[in-house]
Amino acid sequence: MASRSVLPLIRQARAGNAASQFELGKLYLDGGQGLGANQQSALLWLDRAALQGHTAAWRLIGQRVSPPLASNVQPSQNLHRWYELAANDGCAAAQTKLAQLLLSNRHRGDAANSTGRAIELLRCAAAKGDATARLELGIRLLREQTASGPDTDQAIQFLEQAHAAGNGAAARHL
């Protein structure tokens, strides 16, 4: 149950105040003030704030809200838009999430262009040190068959970097 101190924030958020919606979304991301962590509720409130032009809201969505979780939530139709804005703003986590969204075929459009854009985003995020991007690139490079076979050396390099950054899934692929 929400603490008494958060009740005015909830009322203001429900009344349409973007700053309150953003603050409530932040609270739901990690939990606090009597609210349990709930990414679905966080996305709901952050999406409402972002729709009103709250820049920090779409940035936080790009940084912290995962595509698989978000696909089950009503505002997920805006998710591509928020990831795109945050990715263009230089957020490596958003670049990775947008690439995952494009690769999962949840995004409508030309599959070849989506895949090319996704790889470009992953490479950019990997260059910034994003372990998930490095993992995704490593896996794709291992699976990708070219005329000369998969690029195993580069795939292993990405997977080793992801593992060194603490991504346990990378060890399974190594």
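Analyst: Buried means under 20% relative accessible area, exposed means over 50%, and partly exposed lies in between, with a 1.4 Å probe and protein chains only. The model is predicted: local features need pLDDT of at least 70 and side-chain atom pairs count only at pLDDT 80 or more, whereas totals for chains, interfaces and linings use all residues. Residues are numbered from 1 along each chain as its sequence is written, and side-chain values use heavy atoms, with hydrogens and water left out.

User: How many helices and strands does the protein have?

Analyst: Helices (H or I, at least four residues) and strands (E, at least two) are DSSP runs, numbered from the N terminus. Here there are eleven helices and zero strands. Buried residues make up 41% of the 174 residues.

User: What share of the contacts comes from residues 24 or more positions apart?

Analyst: A contact means heavy atoms within 4.5 Å. Among contacts with a separation of 6 or more, residues 24 or more positions apart account for 51%.

User: Which residues of α7 are buried, and what span should the helix have?

Analyst: The buried set is Ala-92, Ala-94, Gln-95, Thr-96, Lys-97, Leu-98, Ala-99, Leu-101 and Leu-102. For the span, the expected value is 1.5 Å times one less than the number of residues. Helix α7 (residues 92–103) should therefore span 16 Å, and its end C-alpha atoms are 16 Å apart, which agrees.

User: Is Leu-103 buried or partly exposed?

Analyst: Leu-103, also in α7, is partly exposed at a relative accessible area of 23%. Not counting residues up to four places away in sequence, Leu-103 touches Thr-115, Ala-118, Leu-122 and Arg-140. From Leu-79 to Leu-101 the C-alpha distance is 9.1 Å, at a sequence separation of 22 residues.

User: How do I read which face of a helix is buried?

Analyst: An α-helix has 3.6 residues a turn, so residues three or four places apart point the same way. In α10, the buried residues are Ala-155, Phe-158, Leu-159 and Ala-162. Seen down the axis of α10, they fall within an arc of 95°, so they line one face of the helix; the arc is that of the directions from the helix axis to the C-beta atoms. The face turned away from the buried side of α10 carries the exposed residues Asp-153 and Ala-164. Helix α10 (residues 152–164) has 13 residues and reaches 18 Å from its first C-alpha to its last, close to the 18 Å expected.

User: What covers the buried residues of α2?

Analyst: The cover includes α1 (7–14), α3 and α4. The residues of α2 that are buried include Phe-22, Leu-24 and Leu-29.

User: How do α3 and α4 cross?

Analyst: Axes are lines fitted to C-alpha atoms, for helices over the stretch in contact, and angles run from 0 to 180 degrees between N-to-C directions. The axes of α3 (residues 39–51) and α4 (residues 55–64) come within 8 Å and cross at roughly 145°. The crossing is left-handed, meaning that the near helix is turned anticlockwise from the far one by less than a right angle; clockwise would be right-handed. On the α3 side the contact is made by Gln-39, Leu-43, Leu-46, Asp-47, Ala-49 and Ala-50, and on the α4 side by Ala-57, Trp-58, Leu-60, Ile-61 and Arg-64. By class there are eight nonpolar, one polar and two charged residues, where Ala, Val, Leu, Ile, Met, Phe, Trp, Tyr, Cys and Pro count as nonpolar, Asp, Glu, Lys and Arg as charged, and the others, Gly among them, as polar.

User: What does Leu-60 touch?

Analyst: Leaving aside neighbours within four places in sequence, Leu-60 is in contact with Phe-22, Lys-26, Leu-29, Leu-46 and Val-65. Leu-60 is buried at 12% relative accessibility. Its C-alpha atom is 9.2 Å from that of Phe-22, which is 38 residues away along the chain.
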